[in-house]
Amino acid sequence: MDRLASILPPTRGGYLPYYLLYNGVAAVIHSVVCYISNPTTALRQFRGPSAPPPHPVLAHVYGVKNFYTSAIRIYAAYYVTNPQVYDLAALTFVGVLFLYITEVFKYKTVGLAEAGIPYVIAGSGLVWMVLQRDWYISQ
């Protein structure tokens, strides 16, 4: 148990670092899926009426986007008191919301049902980070 605690980020009295770490690790896993699996599997959420056919290049680009997002969030989990890193991590949630809002409502490549989970995860992460920014940065 001590070994696990030694690799987890310090909580600084809250759970946001664990949330960032969990989201970062999940994004790394999805990046790997985008590279090693069939594009149909990796791009499952892009099934809207105007969605392009799944293609390996599209899956790889999405995987790269997930990888740099995960790197920022994992780094922020360990350095949550750094204002620049904190703001950059919050911007990753803004980016996800922007991506899915435009894909659902403008480009129609994603259905509303497929965007539900990203909306909840990115929306709750962004709200949490905005509301708790001063508290984490002041530590």
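In this predicted model, the axes of helix α5 (residues 83–105) and helix α6 (residues 112–137) come within 9 Å and cross at roughly 155°. Axes here are lines fitted to C-alpha atoms, for helices over the stretch in contact, and angles run from 0 to 180 degrees between N-to-C directions. The helices α5 and α6 are therefore roughly antiparallel to each other; angles under 35 degrees count as roughly parallel, over 145 as roughly antiparallel, 65 to 115 as roughly perpendicular and the rest as oblique. The crossing of α5 past α6 is left-handed, a term used if the near helix is turned anticlockwise from the far one by less than a right angle, with right-handed used if clockwise. The contact of α5 with α6 comprises 23 nonpolar, three polar and two charged residues. In this classification Ala, Val, Leu, Ile, Met, Phe, Trp, Tyr, Cys and Pro count as nonpolar, Asp, Glu, Lys and Arg as charged, and the others, Gly among them, as polar.

**Basis of the model**

Residues are numbered from 1 along each chain as its sequence is written, and side-chain values use heavy atoms, with hydrogens and water left out. Because this is a predicted model, local features need pLDDT of at least 70 and side-chain atom pairs count only at pLDDT 80 or more, whereas totals for chains, interfaces and linings use all residues.

**Overall architecture**

The protein chain has six helices and zero strands, in the order α-α-α-α-α-α from the N terminus on. Helices (H or I, at least four residues) and strands (E, at least two) are DSSP runs, numbered from the N terminus. The C-alpha trace spans about 45 × 30 × 25 Å along its principal axes.

**Further helix pairs**

| Helix pair | Axes come within | Crossing angle |
|---|---|---|
| α4 and α5 | 8 Å | roughly 150° |
| α2 and α4 | 7 Å | roughly 160° |

The angle between α4 and α5 makes α4 roughly antiparallel to α5, and α4 passes α5 in a left-handed crossing. Helices α2 and α4 are likewise roughly antiparallel to each other, and α2 passes α4 in a left-handed crossing. The contact of α2 with α4 contains 16 nonpolar, eight polar and one charged residues.

**Surface patch**

A nonpolar patch on the surface is formed by Val-32, Tyr-35, Ile-36, Val-64 and Tyr-68, with about 520 Å² of accessible area together. Two or more of its residues come from each of α2 (16–36) and α4 (56–78). Helix α2 gives the largest share, three residues, and Val-32 is found in α2. Patches are made of residues with over 30% relative accessible area and no salt bridge, like charges being joined within 9 Å and nonpolar side chains (Val, Leu, Ile, Met, Phe, Trp, Tyr) within 5 Å. Accessible areas come from the Shrake-Rupley method with a 1.4 Å probe; for residues, only the protein chains shown count as cover.

**Salt bridges**

Two salt bridges are found in the whole structure, each being a side-chain nitrogen of Lys or Arg within 4 Å of a carboxyl oxygen of Asp or Glu. Arg-47 forms a salt bridge with Glu-114, and their closest N and O atoms are 3.2 Å apart. This pair links distant parts of the chain, 67 residues apart: Arg-47 lies in the loop between α3 (39–42) and α4, and Glu-114 in helix α6.
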